[in-house]
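Try each one before reading its solution.

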Amino acid sequence: MKPVTGWVYWRGQEAKYPSWQFGQLEADPKGGLKFTAEADRPGEHPRQWIIPGLVDAHNHLQIGGDGPVSEEVALDRAIQELSSGVLALRDLGNPHESPAHHLARAPRLVTAGRHLARPKRYLPGLALEVEDQADLPAAVAQQVQAGNPWVKLVGDWIDRSRGSEADLDPLWDRAVLIDAVQTAHELGARVAVHVFGRSALDDLFEAGVDSIEHGTGMTWEHCQEAAARGITVTPTLGQVELFPQFAGAATRYPNYAQTMINLYQNWRTWWANLVEARVQLLPGSDAGGYQPHGQLFRELYRWEGAGLDATTIIDYATWQARDFLGFDSLSTGAPADFLVLRDDPMVELTVLGEPLRIVFDGQDV
């Protein structure tokens, strides 16, 4: 790895939080990171800032708009993510039986296996459909035993069996959810849940899920409870922008369409509640299907546009997300995963979209 000198968002050996320190970042003899502090002498070195690699905590490398994609397409998407500075990724639901770890080149991956849903209660061809609710714990165990440290549940979805009365309804009874989440936790896995609306949330919280994906129906009380319980939320604002489009396509289901419009119209209040309650937010593009790959930085720009300060955004999108998923940040002996930027991203967030250099596992991308 070619050494780099600049302002490094470095975490000392005993430090809980990183801080900006000027010096040289290089690889030690074992390939891990080594930092040597220096005095900042303006004009002696290029002005540059080094941060840990970005994390996309809600991504689908193997899902396309029309269903599963080929391995070649998934690999191309993984390279797009690396080339955008996303160096760790939670592949939160894929339609294949095996995790995506087999890809020849990809960010550091955490996988969740297949979506688990009831029959006809998710996008066609993507989920493992559980006919009998009582079989959900066994389906959860199957996904964990396949090598996935996360399980992805579909918590709510339109129930078209109700005809013109169809709306966004829960898929699972509370008792079943409690058993399923307990099964995952006993096997050492965590549970993420897709949920747009409000009606499924109380049961999910009672079951002890680990992360809420989207979560647009959360009230102030839900936000407070999520913060108290340590439940993370991946808000996917880019996906929320599409809610009017989803509603417009649901001409046969007026109740569902109105629900999606209501959720969209309330998103700023919901977002403000998440921030005020200090819920831990995970950055997620929801790439695959409706969203393009390699665009996480645009989701982070949305966060700033919604009023979150750049320092908090950088913390959420780098070391805090890496901690949550079990990856090291910039610290002694850690893998060399970092971005080199032309300006301080906590002052000018848009530099995330044009890094000067991307280093993954000690190699320039």
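**Exercise 1.** At roughly what angle do the axes of helix H10 (residues 296-305) and helix H11 (residues 310-325) cross?

First, some housekeeping: this is a predicted model, where local features need pLDDT of at least 70, side-chain atom pairs count only at pLDDT 80 or more, and totals for chains, interfaces and linings use all residues. Residues are numbered from 1 along each chain as its sequence is written, and side-chain values use heavy atoms, with hydrogens and water left out.

Step 1: the H10 and H11 axes cross at roughly 145° and come within 10 Å. Angles run from 0 to 180 degrees between N-to-C directions, with axes fitted to C-alpha atoms over the stretch in contact. Helices are DSSP runs (H or I, at least four residues), numbered from the N terminus.

Step 2: look for the contact (heavy atoms within 4.5 Å). H10 brings Leu 300, Trp 303 and Glu 304, while H11 brings Ala 310, Ile 313, Tyr 316 and Ala 317.

Step 3: sort those residues by type, and you get six nonpolar, no polar and one charged.

**Exercise 2.** Is Pro 137 buried or exposed?

Step 1: find Pro 137 in helix H2 (residues 136-145).

Step 2: Pro 137 counts as buried because its relative accessibility is 17%; the cut-offs are under 20% for buried and over 50% for exposed, with a 1.4 Å probe and protein chains only.

Step 3: check its neighbours. Leaving out residues up to four places away in sequence, Pro 137 touches Asp 179, Ala 180 and Thr 183. Asp 179 is 42 residues from Pro 137 in sequence, yet their C-alpha atoms are 6.2 Å apart.

Key
Helices (H or I, at least four residues) and strands (E, at least two) are DSSP runs, numbered from the N terminus. Ala, Val, Leu, Ile, Met, Phe, Trp, Tyr, Cys and Pro count as nonpolar, Asp, Glu, Lys and Arg as charged, and the others, Gly among them, as polar.
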